[in-house]
Amino acid sequence: QWNDLKPASSKKEGLTSIIPMGYRAVSIPVDNIASVSGLVKPGNQVDIIGTFVFPDMKGDRSLDTLTLTILQNVTVLATGADMGPAMSTYRENMSRSYASVSLSLTPKEVEMIIFASQKGKLTLSLRNHEETNIETNLQSVNFRYLEQNLQRYNEERARRMHFNRD
């Protein structure tokens with residue numbers, strides 16, 4: 001009897017139609033700050049940064065909070081229920097603010113992001129639409145690292161800014 005039931009339409013609709021094969025859509029909560037002031041839009045590429053507070057690190061408070069890049073160059077499928085111009089029929093009732101973003105991830109990445117979202121704060125870093133490279137020289141930042149490298153980072157920034165003006 002169940003075999004006699006057929007879907008009303010065999011056409012894929014909604015979010016499922018824009019998820020690439022081998023990927024899954026997963027939503028994570030974001031606030032206005034974590035979503036680059038709400039400027040992240042469907043179709044954008046983002047990096048996902050996580051900040052985690054660890055249990056007491058045996059008296060070393062400089063190690064109890066850590067920030068690191070979890071995934072790079074991740075496609076945003078939707079912001080709230082807005083799936084972008086490809087799904088214009090859904091856009092009519094969309095508000096400009098949203099409390100979640102839906103990302104295109106592999107099944108293994110989904111597990112990692114769900115765990116990370118439960119254990120810490122995730123923030124999106126919006127990428128230039130032409131930049132697809134993966135940065136390999138990243139660090140994990142804790143209080144000690146910040147203190148030891150702050151001056152060097154500011155010197156590097158000053159050199160880049162001077163170079164870009166010339």
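Trainee: Which residues have the most contacts inside the largest nonpolar core?
Mentor: They are Ile28, Ile48, Leu103, Leu105, Ile113 and Leu124, in a core of 21 residues. The elements that give two or more residues to this core are strand S1 (24–29), S2, strand S3 (65–79), strand S4 (100–105), helix H1 (107–119) and S5. The largest share, four residues, comes from S3. Before going further, note that this is a predicted model, in which local features need pLDDT of at least 70, side-chain atom pairs count only at pLDDT 80 or more, and totals for chains, interfaces and linings use all residues. Residues are numbered from 1 along each chain as its sequence is written, and side-chain values use heavy atoms, with hydrogens and water left out.

Trainee: What makes a set of residues a nonpolar core?
Mentor: The members must be buried Ala, Val, Leu, Ile, Met, Phe, Trp, Tyr or Cys residues, joined through side-chain atoms within 4.5 Å. Contact in general means heavy atoms within 4.5 Å. Leaving out residues up to four places away in sequence, Leu105 touches Tyr23, Arg24, Val26, Leu71, Val74, Val110 and Ile113.

Trainee: How are helices and strands assigned, and how many of each are there in the protein chain?
Mentor: They are DSSP runs numbered from the N terminus, with helices (H or I) of at least four residues and strands (E) of at least two. The protein chain has two helices and five strands, and from the N terminus on they run β-β-β-β-α-β-α.

Trainee: Why is Ser104 called buried?
Mentor: Buried means under 20% relative accessible area, exposed means over 50%, and partly exposed lies in between (1.4 Å probe, protein chains only). Ser104 has 8% relative accessibility, so Ser104 counts as buried. Ser104 lies in strand S4; apart from neighbours within four places in sequence, Ser104 is in contact with Pro20, Tyr23, Arg24, Val74, Thr75 and Leu77. Of the 166 residues of the protein chain, 28% count as buried.

Trainee: Is Phe143, then, buried or partly exposed?
Mentor: Phe143 has 48% relative accessibility and therefore counts as partly exposed. Phe143 is found in helix H2. The C-alpha atoms of Phe143 and Asp64 are separated by 8.3 Å, although the two are 79 residues apart along the chain.

Trainee: Why is the pair of Asp47 and Arg127 called a salt bridge?
Mentor: The criterion is a side-chain nitrogen of Lys or Arg within 4 Å of a carboxyl oxygen of Asp or Glu. Asp47 lies in strand S2 (residues 45–53) and Arg127 in the loop between strand S5 (120–126) and helix H2 (143–165), so the pair ties together parts that are 80 residues apart in sequence. Both Asp47 and Arg127 are buried.

Trainee: Which other salt bridge does Arg127 form?
Mentor: Arg127 forms a salt bridge with Glu131, the closest N and O atoms being 4.0 Å apart. Glu131 is partly exposed, because its relative accessibility is 36%. By the stated rule the count comes to four salt bridges.

Trainee: How far apart are Glu156 and Arg152 in helix H2?
Mentor: They are four residues apart, which means a separation of about one helical turn. Their salt bridge has its closest N and O atoms 3.0 Å apart. Glu156 is partly exposed at 26% relative accessible area, and Arg152 is partly exposed at 35%. Salt bridges that share partners also join Asp47, Arg127 and Glu131 into one network.

Trainee: What makes an aromatic pair edge-to-face?
Mentor: Rings of Phe, Tyr and Trp (its six-membered ring) pair if their centres lie within 6.5 Å; planes under 30 degrees apart are stacked, over 60 edge-to-face, and the rest tilted. The count comes to one aromatic pair. Tyr145 and Tyr153 form that pair, at 6.3 Å centre to centre with 70 degrees between the planes, and the pair is edge-to-face.
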